[in-house]
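This briefing sets out the main features of the structure shown below.

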Amino acid sequence: MENRPLEYDYTVAKMFMFTTIALGIVGMLIGVILAFELAYPGLNSILGSGLAEYTNFGRLRPLHTDSVIFGFVISGVFASWYYIGQRVLKVSMAESKFLMFIGKLQFWLYVIGVVAVVVSLFMGYTTSKEYAEFEWPIDIAIVIVWVLWGVSIFGLIGIRREKSLYISIWYYIASFLGVAMLYLFNNMEIPTYFASGGYGDIMHSVSMYAGTNDALVQWWYAHNAVAFVLTVPIIAMIYYFLPKESGQAIYSYKLSLLSFWGLMFVYLWAGGHHLLYSTVPDWVQTMGSVFSVILILPSWGSAINMLLTMKGEWQQVAASPLIKFMILGSTFYMFSTLEGPIQAIKSVNAIAHFTDWIIGHVHDGALGWVGFMVMAALYHMAPRVFKRELYSKSIMITQFWIQTLGIVLYFTSMWIAGITQGMMWRAHDEFGNLAYSFIDTVTVLHPYYAIRGVGGLLYLVGFLMFAYNIYKTMSARPVEEYELQNASPMGA
Amino acid sequence: MHRLWAHKEKDYNMFHWLEKHPFFFAVGVFLTVAFAGLVTIIPNFTQASRPIIGTAPYSTLELAGRQIYIKNSCNGCHSQLIRPFKSETDRYGHYSLSGEYAYDRPFLWGSKRTGPDLMRVGNYRTTDWHENHMKAPAEVVPGSIMPAYTWMFTNKADIDTAYAEQVTVAKVFSTPYNKPVPMKDGSTKIVKMGSSVEEARGMALAEAKVIAADMKDQDVKDAIAKGNIPEIVALIAYLNSLK
């Protein structure tokens with residue numbers, strides 16, 4: 001084995017790369033349909049009134065959020081783990097038959113879970129809790145998939161050669177533990193069929209918590225699902241892929257430490273900002289607001305660490321579309337983690353809550369930060385996994401600008417829509433009566449809903465270009481080098 | 001060796017130790033992460049779930065309607081949380097109180113108001129308004145972007161599952177079915193739960209007949225006459241109970 005690097009085994013990474021792309025297309029396509037349903041309500045029965053039960057906004061909405069979060073993003077996280085894990089721990093999956101088996105089992109159970117989720121949500125089986133809509137049998141399947149991932153993480157760590165855990169591994173461990181805790185507690189539910197002695201639908205369950213408590217637990221979960229699914233493992237990715245692709249060392253270890261432990265401690269307090277002016281205790285609301293503002297520090301710590309990693313090498317941002325994705329991704333992360341705390345200030349929240357501004361905020365994070373970073377990860381992995389150069393650099397560049405335009409249209413239209421509606425709801429005339437009926441505040445949003453739909457459509461078009469580019473990469477020119485260093489090879 | 005970061009080794013001994021000991025690292029992360037949840041959720045837990053006077057559990061038909069509300073993700077576009085602002089109390093009624101949600105499993109506050117709040121919709125909308133509106137929203141409210149829910153007029157409501165939920169919450173959480181519940185005017189109200197699923201079906205049908213009497217749809221009336229309860233009737237029973 002003299003100086004040759006280890007031969008890593010990317011079988012499982014490859015499998016999850018395919019589901020990342022497939023579920024990304026599904027989730028984003030449904031998102032675009034939903035966007036246009038709000039602008040043009042006739043589309044709710046796009047497949048005829050007989051099928052309207054399955055194509056209307058309400059039924060499709062959880063399918064959009066869940067297929068993007070738990071399909072596209074989680075697949076991307078798993079794919080990146082089965083790629084990065086081996087490389088930073090300096091051990092190949094091929095060295096352990098057991099871990100290889102666990103990885104494949106995890107993948108196939110995951111696929112079965114996805115099918116069960118899609119079918120059951122279409123049928124209307126939902127607990128109603130956002131991003132935790134799945135009924136109890138699927139929850140059990142999800143827990144098993146998650147435990148298998150834990151076995152994979154700690155199994156690989158157990159046989160590692162590199163004794164010190166690289167930053168990415170910290171974040172993967174945190175993601176595993178955080179989601180496990182949140183998911184278990186938020187999905188405490190009692191299957192009514194068994195508890196009642198055999199009545200009704202076997203899929204149905206009832207929450208262990210009632211009313212205000214249920215809301216508190218749910219938003220502790222949902223806010224931190226954003227943390228441990230859409231932030232923490234994505235940071236794991238960028239801490240590996242940005243230095244790798246650019247050939248630059250991470251700017252500051254100290255900043256990594258501060259950001260990691262800061263994020264771990266602060267994030268969990270901030271869930272209360274979803275419940276401002278609700279019936280949860282006032283002090284919980286205040287803590288939610290205060291910690292949301294503090295959260296800027298660890299969030300910006302990571303993002304600034306990424307930007308400064310490019311110090312002296314900014315020409316790479318101009319030269320490489322892959323670096324562009326990661327740097328704009330970090331920038332959107334900063335943007336989104338500043339916007340969030342602003343919305344968490346009570347007086348701002350009084351206007352923003354329940355409006356489209358929140359939807360806009362979610363999407364500048366999801367499209368700009370998470371989406372860009374997951375695609376960048378796949379772009380970086382593809383040449384190494386398939387041993388081919390990336391099919392087309394020009395497609396990447398075009399895709400980058402189309403999607404960036406899409407995101408800008410998305411969040412600007414939702415800003416205007418949200419603030420307009422929030423202001424109209426509270427407007428009183430000179431006699432102290434409400435100035436607008438509710439429907440006035442709906443019809444005024446039409447142009448912004450249409451613009452948002454176009455923005456989403458552009459992003460989807462870019463994603464299809466990405467899928468095509470990866471697909472063509474699989475048959476592109478073979479890479480000569482034995483083990484690629486740094487910048488990914490790209491065809492014209 | 002990875003050269004992905006550059007720093008002086010000796011400065012961070014504790015963290016370097018943790019990074020070489022995955023078990024203790026994981027324990028440290030877990031404690032840091034779990035702390036906030038314990039502090040924010042536990043202290044008010046028992047207090048927040050106490051019902052206030054005037055709050056009663058849902059009847060079988062209302063609960064079946066609530067399940068239909070959830071099945072169609074009505075909560076995706078409608079909130080059930082009135083915030084303590086003049087603009088909201090003017091529009092929707094008294095601001096929400098924690099105890100009013102004591103029997104809501106799950107809570108249905110929602111996070112987006114694409115349509116108006118429904119926390120007290122039973123105070124200002126009627127059965128026939130809902131019937132017309134659910135069939136063709138834009139005809140009742142010009143400019144409405146809400147889709148029509150025509151299938152609810154033909155799909156059958158699942159009374160058995162609603163009954164199963166009643167039995168479950170009565171057993172596990174001591175939800176006061178068949179027990180007197182204090183009302184605001186000083187009286188008491190007893191929400192009955194069937195002692196068998198057959199009895200529950202009969203009680204739901206009796207309640208459904210009262211609602212269907214205020215409706216025009218012939219299919220609904222025919223279904224009720226045959227002893228079947230369409231989803232729309234259960235849903236309206238639930239919406240009317242929101243006060």
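**Overview**

Chain A contains 19 helices and 2 strands. The model is predicted.

**Overall form of chain A**

- Along the principal axes, the C-alpha atoms of chain A occupy a box of roughly 85 × 60 × 50 Å.
- The radius of gyration of chain A is 23 Å, which agrees with the value near 23 Å for a compact globule of 492 residues.
- Of the 492 residues in chain A, 58% are buried.
- Among contacts in chain A with a separation of 6 or more, 81% join residues 24 or more positions apart.

**Helix α8 of chain A**

- Helix α8 of chain A covers residues 211-230, 20 residues in total.
- From its first C-alpha to its last, α8(A) reaches 27 Å, close to the 28 Å expected at 1.5 Å a residue.

**Residue A:A35**

- A:A35 lies in helix α1 of chain A, which comprises residues 11-39.
- A:A35 counts as buried because 24 other C-beta atoms lie within 10 Å, and the cut-off for a buried residue is 20 or more.
- Leaving aside residues up to four places away in sequence, A:A35 touches A:Y449, A:R452, A:G453 and A:G456.
- A:A35 and A:A270 are 235 residues apart along the chain, and their C-alpha atoms are separated by 28 Å.

**Domains of chain B**

- The domain assignment divides chain B into domain 1 (10-43) and domain 2 (60-241).
- The centres of domain 1 of chain B and domain 2 of chain B, taken over C-alpha atoms, are separated by 46 Å.

**Contact between chains A and B**

- Chain A gives 80 residues to the contact, and chain B gives 77 residues.
- On the side of chain B that touches chain A, two or more residues come from each of α1 (13-20), α2 (22-41), α3 (45-48), α4 (60-71), α5 (86-92) and α8 (159-173) of chain B.
- With 12 residues, α2(B) provides the largest share of the side of chain B that touches chain A.
- By residue class, the side of chain B that touches chain A consists of 41 nonpolar, 21 polar and 15 charged residues.

Note on methods
Residues numbered from 1 in each chain as written. Chains lettered and ligands numbered in written order. Predicted model: local features only at pLDDT ≥ 70, side-chain atom pairs only at ≥ 80, totals over all residues. Contact = placed C-beta atoms within 7 Å. Helix = DSSP H or I, 4+ residues; strand = E, 2+ residues; numbered from the N terminus. Nonpolar A, V, L, I, M, F, W, Y, C, P; charged D, E, K, R; others polar. Domains from an automatic or database assignment. Rg over C-alpha atoms; globule rule 2.2 N^0.38 Å. Buried ≥ 20, exposed ≤ 12 C-beta atoms within 10 Å, placed from the backbone. Expected span 1.5 Å × (residues − 1).
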